[in-house]
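Please examine the protein chain shown below. The paragraphs that follow lead from its sheets to the helices and cores around them.

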Amino acid sequence: MARPRVCVKLSFIWRVFWLLRIVVDFALPQETYAPHSIRTEGHLTLGGLFPVHARAADGTPCGDLKKENGIQRLEAMMYALDQINQDEQLLPNITLGARVLDTCSRDTYALEQSLTFVQALITKDTSDVRCTNGEPPVFVKPEKVVGVIGASASSVSIMVANILRLFQIPQISYASTAPELSDDRRYDFFSRVVPPDSFQAQAMVDIIRALGWTYVSTIASEGSYGEKGVEAFTQLSKEAGGICIAQSLKIPHNPKQEDYDKVIQQLLETQHSRAVIIFANEEDIRGVLSATKRANQVGHFLWIGSDSWGTKSSPIQQLEDVAEGAVTVLPKRSSITGFDEYFTALTLENNRRNVWFAEFWEENFDCRLLSASKKEDTSRKCTGQERIGTDSKYEQEGKVQFVIDAVYAMAHALHNMQKDLCPDHPGVCPQMESAEGKTLLKYIRNTSFNGSASTSVVFNKNGDAPGRYDLFQFQMTNSSTAEYKAVGQWVETLQLRV
């Protein structure tokens, strides 16, 4: 019987890798979790980072499933890969595979997950390594991830960017808008197909001036997105002149109900400042609106919401009266018909590659599957014959277009790189196989194409997309229902129709 191989030495960089894992383990709660991922084969592999689950409130890494921000965005990447792999003109003779991970909407958890992407790039010195039976070790080489699509939250992208840049893995985000990610010295391998919040903050300043408001307060979620967004707004309002900041309030991580109540009480101390700029995540927006209702201040505040509010229904559900009149900003986008057809046709039978799809099915149809169900026994059993959009409500999530554009940006960059490095070679040639990440980064920054909504996808020298926003107002209709209505746009200058 062969003796098991027990190896006793790793190279320095391999030790650093495991040290990072140890550090992250201390940063994360010590409960166990399932390291699920989606893996599809291809000549080249793209990584993907999506908030499939929310951040848990009880200290565990992962909470409830996020149907729109998580599953829809993830499926948008898979849809884009399918389209590219079927396109004979884009990357001919090359199939793109995927390794998709769940960030659980938490930066430290995402860092731990993203270490998966760098394993193939870690050189192991095995020259003097021997196992207990005297033989050299056998290492199974993981797939090489050439680029990463994601992440969603800016705090997650910042954390992940710091590790990916060490290994020269380019990253394209579909949703991270924090201004600090424009710093090409610190985040040189980071690009995004959405504009930075510095553009969004300028749009908000222009809206306030157009409405004639001179006295406003700000609310930010603690973290890069909220704090940097408000910081940009404050700086731009000073430069514009004529706008005074009454209060700048911050909602802490893992807030309690009393934290939201305190924010509202503080806002009420400056009675003449009714306008409130809010750069916050969905949970905090809902928390602030709920606290406003508890304080019997419905109709008192005039909200200006950032793109995290946009046209979403979840932050304002059953709080429509509090949100009425809110003006929100959202990067210009279009609904992608092809994705609607793809997503509504997904079933338990034809989508086995998505390891979280069964959980989505239970959540979406409020039913229980027989195997490993998270639903209580009292829930009705799923038949498997349910259909998305027919037996459940469906609306395309706002960042789907940008996920698709991010994947296509990576594909176009790889296509142009292959043409230059492999002019006489179909598929991936040795020169392309051994090319460094900074070579691919150069092609990403120089790529230009019409995206999924027929608008140009380009990057500036910092890897940012141009600022193009639609403006909405949450209004009550004649039938006593509420909806977001388009009231203008901002493309370098404001065009307001209110």
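The model is a predicted one, and its protein chain has 14 helices and 18 strands.

Strand 12 (residues 302-305) and strand 13 (residues 327-331) run parallel and are joined by 2 bridges; here Gly 305 has Thr 328 in strand 13 as its bridge partner. Strand 16 (residues 469-476), by contrast, pairs with strand 17 (residues 482-491) in the antiparallel sense, over 8 bridges. In that pair, Met 476 has Ala 482 of strand 17 as its bridge partner. Strand 17 also pairs in the antiparallel sense with strand 18 (residues 493-496), over 4 bridges. The bridge partner of Val 491 in strand 18 is Thr 493. The hairpin of strand 17 and strand 18 has 1 residue between the strands, and Glu 492 takes a positive phi near 75° there.

Is Val 205 buried or exposed? A residue is called buried when its relative accessible area is under 20%. Val 205 has 0% relative accessibility, and therefore counts as buried. Leaving aside residues up to four places away in sequence, Val 205 touches Phe 233, Leu 236, Ser 237, Ala 240 and Ile 243. The C-alpha atoms of Val 205 and Leu 494 are separated by 9.9 Å, although these residues are 289 residues apart along the chain.

The chain also holds another open sheet, in which 6 strands follow the order 1-5-2-6-7-8 with mixed pairing. Strand 1 (37-40) and strand 8 (190-192) stand at its edges with a single partner strand each, so one side of each is left without a neighbour in the sheet. Neighbouring strands here are turned by 20° against each other on average, direction ignored. Within the sheet, strand 2 and strand 6 pair in the parallel sense over 4 bridges, and Leu 46 has Gly 147 in strand 6 as its bridge partner.

This sheet, too, has helices across it. Helix 4 (residues 154-164) is mostly covered, with 8 of its 11 residues buried; among them are Val 156, Ile 158, Val 160 and Leu 164. Helix 4 lies across strand 2, strand 6, strand 7 (171-173) and strand 8, and runs at about 170° to strand 7. Helix 2 lies across strand 1, strand 2, strand 5 and strand 6, and its angle to strand 5 is about 175°.

Helix 2 has a helix partner as well. Two packed helices are described by the angle between their axes and the distance between the axes. The axes of helix 2 (residues 67-86) and helix 10 (residues 337-344) come within 10 Å and cross at roughly 110°. The two helices are therefore roughly perpendicular to each other. In this contact, residues of helix 2 including Ile 71, Gln 72 and Glu 75 meet residues of helix 10 including Phe 339 and Phe 343. The residues of the contact divide into 7 nonpolar, 2 polar and 2 charged.

Which residues touch the most other members of the largest nonpolar core? In this core of 66 residues, they are Leu 46, Met 77, Leu 96, Phe 339, Phe 343 and Leu 414. Among the elements that give two or more residues to the core are strand 2 (44-50), helix 2, strand 5 (96-102) and helix 10. Helix 12 supplies the largest share, 13 residues. Apart from this core lies another, of 28 residues, among them Ile 264, Val 276, Ala 280 and Ala 291.

Finally, consider the chain as a whole. Of its 498 residues, 52% are buried. Among contacts with a separation of 6 or more, 68% are between residues 24 or more positions apart.

Notes:
Residues numbered from 1 in each chain as written. Predicted model: local features only at pLDDT ≥ 70, side-chain atom pairs only at ≥ 80, totals over all residues. Heavy atoms only, no water. Pairing = 2+ DSSP bridges. Axes fitted to C-alpha atoms, helices over the stretch in contact; angles between N-to-C directions. Parallel < 35°, antiparallel > 145°, perpendicular 65-115°, else oblique. Contact = heavy atoms within 4.5 Å. Nonpolar A, V, L, I, M, F, W, Y, C, P; charged D, E, K, R; others polar. Core = buried A, V, L, I, M, F, W, Y, C linked by side-chain atoms within 4.5 Å. Buried < 20%, exposed > 50% of the residue type's maximum accessible area, 1.4 Å probe, protein only.
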